[in-house]
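I opened the file to take notes on the fold, the core and the surface. The entries follow in the order I looked things up.

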Amino acid sequence: MENLIHLYKTFEKVIYLDKKINNREFEGCIFKNCDFSSSDFSYNTFVDCEFIDCNLSMTKLSGSSMRNASFKNCKLLGIQFNECDDFLFSVYFVECILDYSSFANKKMPKTEFIHSSLKDVIFIGTNLSGSTFDTTDLSGAIFNDTELKEVDFVTAYNYTIDPESNPMRKAKFATQGIPGLLEKYDIKIQ
């Protein structure tokens, strides 16, 4: 990974713990079974990249570009995605653990979170319009001033969302999710 530009490469079983890799460009790259936990990946560019079975927990991404980056079966604990570059920010998650991460103030419409854990994730001032939370655990996730227009929460669970603090026109919820929308009123639903 010493080169500045990497095009259509596959990185497999790379272990970079507590390392600093900055100002690199990765386009069309695949990262498989890599461990980058607690590393500093600030000011890198990831375009059309796939991360599969990787550990990026506590990795710093300040100023990094994530353009059409997908994560499958990855551990992403405590990632501050809110520090990524906003320009064309686009991510996709399948079977990932994103607990304690932050997407505050990100514009990320139509983002898909599929079979993932988003416990205690921060979505303050985030635009999630048209996104999907498919079979996703949202225990303790914070939604405040978050654009939730047309978001699909039908199979999401353990969420608490205040409809008065989050615009959510045409958002979809399952009947069993109603208590998570009414929690602030201290109403008992039987």
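Which residues of the largest nonpolar core touch the most other members? I worked on a predicted model. The largest nonpolar core holds 49 residues, and those touching the most other members are Phe31, Phe71, Phe93, Phe113, Phe133, Phe143 and Phe153. I then checked which elements give two or more residues to this core, and found β8 (69-72) and β9 (91-94). As background, I noted that nonpolar side chains tend to be buried together in soluble globular proteins.

I took Phe133 for a closer look and set aside its neighbours within four places in sequence. Phe133 is in contact with Phe113, Phe123, Phe143 and Phe153, and also with Leu118, Leu128 and Leu138.

Next I went to the secondary structure. Along the sequence the pattern reads β-β-β-β-β-β-β-β-β-β-β-β-β-α. The radius of gyration is 17 Å, close to the 16 Å from the globule rule for 190 residues, so the protein is as compact as a globular protein of that length. I also looked up the box filled by the C-alpha atoms, which is roughly 60 × 25 × 25 Å along the principal axes.

For contacts with a separation of 6 or more, I found that 2% join residues 24 or more positions apart.

Of the 190 residues, 47% are buried. The protein exposes about 9600 Å², with 48% of it from carbon and sulfur atoms. I listed 20 positive and 27 negative side chains, and the centres of the two sets lie 2 Å apart.

Terms used:
Residues numbered from 1 in each chain as written. Predicted model: local features only at pLDDT ≥ 70, side-chain atom pairs only at ≥ 80, totals over all residues. Heavy atoms only, no water. Core = buried A, V, L, I, M, F, W, Y, C linked by side-chain atoms within 4.5 Å. Buried < 20%, exposed > 50% of the residue type's maximum accessible area, 1.4 Å probe, protein only. Helix = DSSP H or I, 4+ residues; strand = E, 2+ residues; numbered from the N terminus. Contact = heavy atoms within 4.5 Å. Rg over C-alpha atoms; globule rule 2.2 N^0.38 Å. Areas by Shrake-Rupley, 256 points an atom, 1.4 Å probe, with all protein chains shown as cover. Lys, Arg positive; Asp, Glu negative; His and termini not counted. Charge placed at Lys NZ, Arg CZ, Asp CG, Glu CD.
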